[in-house]
Amino acid sequence: MIAMTAGIRPRDELARDAGLAVASGRGGIAVDDALRTTDPAIYAIGECASHKGVVYGLVAPGFRMAETLAAIFAGRPSRFRGYTPAVRLRFAGIEVWSLGDHAPPGTRVRWRGNGSHRQITLWGRRVIAAVAVGPWEEIGFAQNSIRHGYPLSPEQVHQFYRTGTFSRRTTRSPVSQWPESAIVCNCLEITQGALSSARAEGCSSVEALAARTGASTICGSCRPLLAELIDDTSSAAASKGRAGLVLAAAVAVALVLAIAGGAPLPPATSVQKIVA
Ligand SMILES: Cc1cc2nc3c(=O)[nH]c(=O)nc-3n(C[C@H](O)[C@H](O)[C@H](O)COP(=O)(O)OP(=O)(O)OC[C@H]3O[C@@H](n4cnc5c(N)ncnc54)[C@H](O)[C@@H]3O)c2cc1C
Ligand code: FES
């Protein structure tokens with residue numbers, strides 16, 4: 001296999017010609033936390049912008065910048081504070097992940113086995129970065145740990161070193177049981193909670209979830225997780241409905257038995273009159 005990494009270079013020539021400051025090196029239109037360029041009347045977002053010297057080559061930070069700028073234009077206080085990189089790609093059927101900032105030294109813990117390579121970087125007990133090639137059921141856990149700064153216990157670190165997993169579970173829990181804050185669509189940072197809400201509001205197919213939330217519309221690798229959520233919640237709803245039907249049937253049978261086994265009901269007086 002030949003891996004070619006070309007990187008990205010912002011198209012900032014228009015800004016250069018207009019006299020706006022651009023970042024040194026790779027370039028990109030220099031913006032502050034309000035996404036304002038060196039001309040206070042001009043803003044820049046997305047891959048052409050360089051925030052604190054960083055040009056993001058991903059969709060999600062562009063959306064965060066767009067949200068920030070929309071809020072500022074609407075008169076609400078908002079700032080872009082940077083973005084913790086999370087890249088998920090699929091090459092020739094192999095999943096490749098890179099999460100967090102790999103620049104700080106930290107302590108690297110690696111595991112290899114079953115056709116997978118996993119590495120976490122620890123700063124104290126916190127995971128600050130992770131990289132993985134091949135399937136990793138707990139990648140969502142790793143991503144949440146990086147994003148929220150959850151510390152790992154010494155047992156979890158040891159477990160990861162020995163087995164490549166943080167817990168003794170060998171299979172991941174279904175998407176429907178993930179915490180609401182867990183990210184399902186990495187590209188757009190769409191959480192389990194947002195997808196579950198859309199599902200509860202009537203989105204009953206992957207396409208409907210995608211149309212409502214945007215999940216699966218960039219790289220598409222989260223599509224199986226969306227399908228799983230639809231299946232899980234459909235079968236849960238079906239079994240909930242089944243439980244109601246079983247209860248109603250049981251009540252009906254009990255009523256029939258009570259009527260059959262009890263004293264005969266006296267006919268209504270109107271009926272007696274007709275019979276007489
Ligand atoms: C092959 C490939 C795969 C990728 N896969 C992923 C992925 O899986 N997940 C992910 O998150 N990201 C991925 N990316 C990155 C993602 O596409 C970019 O981060 C995103 O498109 C940036 O959005 P943007 O709107 O800032 O810029 P762009 O999408 O590049 O849009 C900029 C637009 O401005 C136009 N333009 C430039 N100069 C001028 C000018 N002077 N006048 C008028 N128009 C101009 C350009 O033609 C272009 O249409 C991938 C990128 C590539 C190339
Ligand atoms: S993870 Fe890329 S579209 Fe959802």
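Guide: What follows is an account of the ligand's surroundings and of the parts of the chain connected with them.

The model is a predicted one. Its protein chain has eight helices and nine strands. The chain holds 276 residues, of which 35% are buried. Among contacts between residues at least 6 apart in sequence, 45% join residues at least 24 apart.

Which residues are around ligand 1? They are Gly46, Glu47, Gly57, Leu58, Val59, Leu89, Cys187, Ile218 and Cys219. In Glu47, a side-chain N or O atom is 2.3 Å from an oxygen atom of the ligand. Leu58 brings a backbone N or O atom to 3.3 Å from an oxygen atom of ligand 1. For Val59, a polar backbone atom is 2.9 Å from an oxygen atom of the ligand.

The stretch of chain around strand β2 may be considered next. Strand β2 covers residues 49-51, and the loop that contains Lys52 runs between this strand and helix α2, residues 59-73. His51 is placed in β2. Is His51 buried or exposed? With a relative accessible area of 2%, His51 is buried, because a residue under 20% is counted in that class. The side chain of His51 reaches the backbone oxygen of Phe80 at a distance of 3.3 Å. Phe80 is also one of the residues in contact with His51 when neighbours within four places in sequence are left aside; the others are Val31, Asp32, Asp33, Met65, Arg81 and Gly82.

Lys52 belongs to the loop between β2 and α2. Its phi is positive, about 50 degrees, although Lys52 is not a glycine. Lys52 has a relative accessible area of 61% and is therefore exposed, the limit for that class being over 50%. Val54 lies in this loop between β2 and α2 as well. At a relative accessible area of 35%, Val54 is partly exposed. Val54 and Gly28 are 26 residues apart in sequence, and their C-alpha atoms are 8.4 Å apart in space.

Leu89 is among the residues around ligand 1, and Arg88 is found in strand β3, which comprises residues 86-91. Arg88 is buried, with a relative accessible area of 10%. Cys187 is itself one of the residues around ligand 1. Not counting residues up to four places away in sequence, Arg88 touches Glu95, Val96, Trp97, Val184, Asn186, Cys219, Ser221, Cys222 and Leu225. Of these, Cys219 is also listed around the ligand.

Helix α5 spans residues 192-200 and helix α6 spans residues 206-213; the two pack at an angle of about 115 degrees, with their axes 10 Å apart. The crossing of α5 past α6 is right-handed. Which residues meet there? Ala194, Leu195, Ala198 and Arg199 of α5 meet Leu209, Arg212 and Thr213 of α6. This contact comprises four nonpolar, one polar and two charged residues. The buried residues of α5 are Gln192, Gly193, Leu195, Ala198 and Arg199. An α-helix has 3.6 residues a turn, so residues three or four places apart point the same way. Just after α5, Gly202 takes a positive phi of about 115 degrees.

Ser216 has a positive phi of about 75 degrees although it is not a glycine. At 12% relative accessibility, Ser216 counts as buried, whereas Lys52, with its positive phi of about 50 degrees, is exposed.

How values were computed:
Residues are numbered from 1 along each chain as its sequence is written. Chains are lettered from A and ligands numbered from 1 in the order in which they are written. This is a predicted model: local features need pLDDT of at least 70, side-chain atom pairs count only at pLDDT 80 or more; totals for chains, interfaces and linings use all residues. Side-chain values use heavy atoms; hydrogens and water are left out. Axes are lines fitted to C-alpha atoms, for helices over the stretch in contact, and angles run from 0 to 180 degrees between N-to-C directions. Helices (H or I, at least four residues) and strands (E, at least two) are DSSP runs, numbered from the N terminus. A crossing is left-handed if the near helix is turned anticlockwise from the far one by less than a right angle, and right-handed if clockwise. Contact means heavy atoms within 4.5 Å. Ala, Val, Leu, Ile, Met, Phe, Trp, Tyr, Cys and Pro count as nonpolar, Asp, Glu, Lys and Arg as charged, and the others, Gly among them, as polar. Buried means under 20% relative accessible area, exposed over 50%, partly exposed in between (1.4 Å probe, protein chains only). A residue is near a molecule or strand if one of its heavy atoms lies within 4 Å of it. A polar contact is a pair of N or O atoms within 3.5 Å; within protein, one must be able to donate a hydrogen and the other to accept it, and residues adjacent in sequence count only if both atoms are side-chain atoms.
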